[in-house]
Amino acid sequence: MKTDEPAVPVLEEGTGRLEAFSDGIFGVAITLLALDLKAPDLAPVTNHHLLAALLERWPEYLSVLNSFASVLLMWISHHAMFRLLRKTDVPVMLANGLLLLLVVGVPYPASVLARYMQSPAAAYGVIFYCGYFVAVNLSFNLLWLVIRYRGHRLKSGVTPAMLAPFGYLWVSAPLYLGIAVVALFSPFGAVFLTNAMWVYWGVASVKMHRPA
């Protein structure tokens, strides 16, 4: 007598659910960046004191802007990566989860950078910020390696030319390490270089989205 065997669960095609979850985490990270921006306490309350207090907080504005741009451009690269996927599986979800864990934590090094940028601890504040983004980049590369490890995850129309731009992901970690070294000699110069990383992420994102 023939008995029905239990069906083996198969992951469904498509990446929509994982992308929606990831988009939400990126959105949370960007939102949290702005939570540190609070109105200054004044004593006495005058136009002059308010203007001075607002201008004194420029490191906070710079830190938020810097981190916002970095997270935004990483999200664009993340979207380009998932655009090539036909389906996800547990290794992809775990690697993606590690990346999202680090992305949602970006507001913390951003807050440290803003608070200590004008202090004697500025160098180590910048080094901590750069080190955190090295970890983010390594997790990004881990996700990409997991995606490439087994080609069945990719869409059938994906060509080597479409995969090549993702090699730019490896450039970020050594660049941030170099900026960390610069911070030992010129913290403000290093902060400027972290802003210049927008150029790297921007160029990489454009190349990743460009059809081959």
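Of the 212 residues in the protein, 41% are buried, a value that, like every other one here, comes from a predicted model. The secondary structure comprises 9 helices and 0 strands, so that, by the definition of these elements, the order from the N terminus on reads α-α-α-α-α-α-α-α-α. The radius of gyration of the protein is 21 Å, whereas the globule rule gives 17 Å for 212 residues, and because the former is well over the latter, the protein is more spread out than a compact globule. Along its principal axes, the C-alpha trace spans about 90 × 35 × 30 Å. Among the contacts with a separation of 6 or more, 82% are accounted for by residues 24 or more positions apart.

How individual helices pack can be followed pair by pair, since two packed helices are described by the angle between their axes and the distance between the axes. Helix α3, residues 58-82, and helix α9, residues 187-209, have axes that come within 9 Å and cross at roughly 20°. Angles under 35 degrees count as roughly parallel, and α3 and α9 are therefore roughly parallel to each other. The crossing in which α3 passes α9 is left-handed. On the side of α3, the contact is made by W58, L62, L65, N66, A69, S70, L73, M74, I76, S77, H79 and A80, and on the side of α9 by F188, V191, T194, N195, W198, W201, G202, S205, M208 and H209. The residues of this contact between α3 and α9 divide into 13 nonpolar, 9 polar and no charged.

The contact is made by V71, H78 and F82 of α3 together with V92, N96, L99 and V103 of α4, and its residues divide into 5 nonpolar, 2 polar and no charged.

Within helix α6 lies N137, and the reader may ask which residues N137 is in contact with once its neighbours within four places in sequence are left aside. They are L169, S172, A173, Y200 and W201, and of these W201 also belongs to the residues of α9 that make the contact with α3. N137 has 1% relative accessibility and therefore counts as buried, the cut-off being under 20%.

Not counting residues up to four places away in sequence, L193 touches I179 and V182. From E19, L193 is 174 residues apart in sequence, and the two are 31 Å apart in space, C-alpha to C-alpha.

Note on methods. Residues numbered from 1 in each chain as written. Predicted model: local features only at pLDDT ≥ 70, side-chain atom pairs only at ≥ 80, totals over all residues. Heavy atoms only, no water. Axes fitted to C-alpha atoms, helices over the stretch in contact; angles between N-to-C directions. Helix = DSSP H or I, 4+ residues; strand = E, 2+ residues; numbered from the N terminus. Parallel < 35°, antiparallel > 145°, perpendicular 65-115°, else oblique. Left-handed = near helix turned anticlockwise from the far one by under 90°. Contact = heavy atoms within 4.5 Å. Nonpolar A, V, L, I, M, F, W, Y, C, P; charged D, E, K, R; others polar. Buried < 20%, exposed > 50% of the residue type's maximum accessible area, 1.4 Å probe, protein only. Rg over C-alpha atoms; globule rule 2.2 N^0.38 Å.
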